[in-house]
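Hello,

Here is the structure I promised to pass on to you. Have a look at it first, and then read on for what turned up.

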Amino acid sequence: MPRVILRGALRRAAAVFTGLALAAGALTTTAFAAGFVGADGGAALAAPSDLPLRVNQLGYLPDGPKRATLVSSATAPLAWQLRDGSGAQVASGATTVKGSDQASGQSTHLVDFGGYTGTGSGFTLLVGGQASHPFDISAALYDGLRADSMSFFYQQRSGVAIDAGLTGSEYARPAGHLGVAPNKGDTSVPCQAGVCDYRLDVRGGWYDAGDQGKYVVNGGIATWQVVNSFERARRSGGDAALGDSTLRVPERGNGVPDVLDEARWELEFLMRMQVPAGKPSAGMAFHKMHDTEWTGLPTRPELDDKQRELHRPSTAATLNLAATAAQCARVYAPYDSAFATRCLDAARRAWMAAKANPNVLASATDNAGGGAYEDADVSDEFYWAAAELLATTAETQYRDAVTSSPHHAKPADAFWWGGTATLGRITLATVPGTALPSDDLARVRGLLTAAADGHLSTMAAGGYAVPIPATGYVWGSNSAVSNNAITLAVAYEITGAQRYRAGALESLDYLLGRNALDHSYVTGYGERASENQHHRFWAHQSDASLPHPPAGSFAGGPNAGLDDPVAKERLNGCAPAACYVDDIGSYSTNEVAINWNSSLAWLAAFAAERRGGPATPAVQVTPATVSVPEGGSASVSVRLSAAPSQGVTVTVSRTAGDQDLTATAGSTLVFTPANWATSQQVSVSAAQDGDTVAGSATFTAGGPGVSASTFTATEVEDDVAPPAASCAVTYRVESSWGNGFTATVAVKNTGTTAISGWALGWTFEGDQRISSAWNATVSQSGSAATARDAGWNGALAAGASASFGFQATYTGANALPARFTLNGAPCS
């Protein structure tokens, strides 16, 4: 049974009961009118729908799997038809008998209409004269869900008024918890008795779930998933769909991707939860903050009159801060270097504080007014935080922490707020340049694909293609489905194997209606969709003046534990996959939470990416011309223009010209669907000769499955003076702290001819080490550094300039480099 569910059940059962009791008189029940058999058997009674055909009620992608489930006790295949919106039959076939589905107790058939390639709206499946819900087939199918599942976070924001222009008038509200009466506010919050003797400004962030508490360990995984969805899209080339002005947020139009604007609202809160310097436990993070007692249902946030308080710092919360702030430092650097620097500083301080306090655990009994979020094992959080810091800094101390962790060799397990090791594995497997040994990298990727294969096996065994076992229908089961689907999507990125993408998409089919209840668990998506999730102010069922949850809100899902009074009353004897009721009182099956919606948002963004027919990636080489000193060598960067469907080998060889020039190190390169965008270096050498002729040669980089590219290498003779300076460089340190700094470098073409592709070289005067860069690909060997254009900024017309930035560490003096070369020629 997944840890995520067991821990969630303990958290929610303790957390919500008091609040429910306060408001029980105001609740009504709108449970599904259905009977269920007991766990011990017999034939399954009627599901809460008269439609035996269960489909994704939103629809299907043209290039994705298209399967449905038929509930039928027939032992022989049955004929099916697919009809378009006009009623015309467009496809037909026979079902595949699957038999008993253990989790639902239903007898099932599989309907596979994946051979149909048309698009449109209003499709229906029919078997024996009975039709499914209508659905669409469209490449734009998930565009709305991608936006709505992210809008959930804006509407969960604390400390800011929710704008009717962004949400609609029914969801607009004043800012909550800013100290405006009756709020006590989050701008000056005291600690629990005995925890600290000062107050802290911890405004902002997202309300956690149906309650209005704010928890670092739940905010950590939710923030990571939101930011990781952008990080993954940027690797795949689909980040424009998550860019600026793509979401309904106040920050749209500021030049920063909206997904990152939204995540920053929580990141700022997480960093405010860090114990200030000079205080006991400095650098650690307070575990949580919330009301001293449970509020009733409903309670709008601006009307909450309870005192708020900070709870004792914990190692788990501190490592969540270290991990998410380290991720922030690398992802936000191209957009706000100062914020990225602040994130990295917070991450480093949190890491050191956690190492100094490795076993400060949250108490399971600290659940008055908010969930306990207890966690007795933080080794997984140590692994996750080390992986994020390694991916951002490439520093040895973090690599050693990763490779020495017991989690580094363990199978990739399911992840949740209390089990985060696989988040670290995903980062190590997918973020370029983690400085992990190649055999370690291959093994981590193998662990993730093995986990994905296990999910596919589980899906194949059941009637509804769900990536959790029959024992997995416990608290928050839907988040286990979506999290496991993320692992499937990561395996697709790593390998390019379509079976993993299909598995991730079929997991969405389950969540959107292809399930035992014929029910979509996402508000606003599907003919039979949740609309009464447990929430303090989206509480229409409790108070008709308040709204239903907005479109894109994600219910926790079936929970065989029946851990609330409404579930116990309405669902007694339910089959595990049917233990759900769309009632505001059923917090154990029908609450929302930021870490559940973050997994849905990640998955929706993945599903919404347009994927046409497989394109042939082109080899890209920069610079297009390179000067090679006689008797020496120079290098070029090689990458692909797009992800290949599987691993490809690129060979670099001389195809014409001076035989003194040869490709040496890196002449055979391997690119995979995971590392296609990572530049690899090829070294070109020039033999020492006795002539004074500066020979040149053409090299071709190509191979099966890619479009080849060429570049030219020219020998620089010993007795020939270096070319006249035709470039000028400005090197400026933007900010400096302790042992680190950021710098901006601008290079100008002062010559009279255009430059196509540039490589700027310099030598540091001290022990500076570059950890990350933006707008250029920067490499370093010893004190020598080289920055190569990023492709889009490689052309420099006469008089034109290009700039890039980097972040580095140093000790002692941080002297400026004295000399720069552009494509081998000295600059002034």
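A residue is called buried when its relative accessible area is under 20%. Keep in mind that this is a predicted model. By that cut-off, 17 of the 17 residues of helix α6 are buried, so the helix is largely enclosed by the rest of the structure. Helix α6 covers residues 315–331 and reaches 24 Å from its first C-alpha to its last, close to the 24 Å expected at 1.5 Å a residue.

Strand β7 is also worth a visit. Five of its seven residues (106–112) are buried, so β7 too is largely enclosed by the rest of the structure. What does β7 pair with? Strand β3 (residues 67–71) runs antiparallel to β7, with five bridges between them, and here Thr69 has Leu110 as its bridge partner. Strand β6 (residues 96–101) also pairs with β7 in the antiparallel sense, over five bridges; in this pair Val97 stands opposite His109. Four residues lie between the strands in the hairpin of β6 and β7, and Gly105 takes a positive phi near 75° there.

Finally, there is an open sheet of three strands, ordered β13-β15-β16, with antiparallel pairing. Its edges are β13 (214–215) and β16 (308–310); each has a single partner strand, so one side of each is left without a neighbour in the sheet. Strand β15 (residues 288–291) pairs with β16 over three bridges, and Asp291 has its bridge partner, Arg308, in β16.

Key
Residues numbered from 1 in each chain as written. Predicted model: local features only at pLDDT ≥ 70, side-chain atom pairs only at ≥ 80, totals over all residues. Heavy atoms only, no water. Buried < 20%, exposed > 50% of the residue type's maximum accessible area, 1.4 Å probe, protein only. Helix = DSSP H or I, 4+ residues; strand = E, 2+ residues; numbered from the N terminus. Pairing = 2+ DSSP bridges. Expected span 1.5 Å × (residues − 1).
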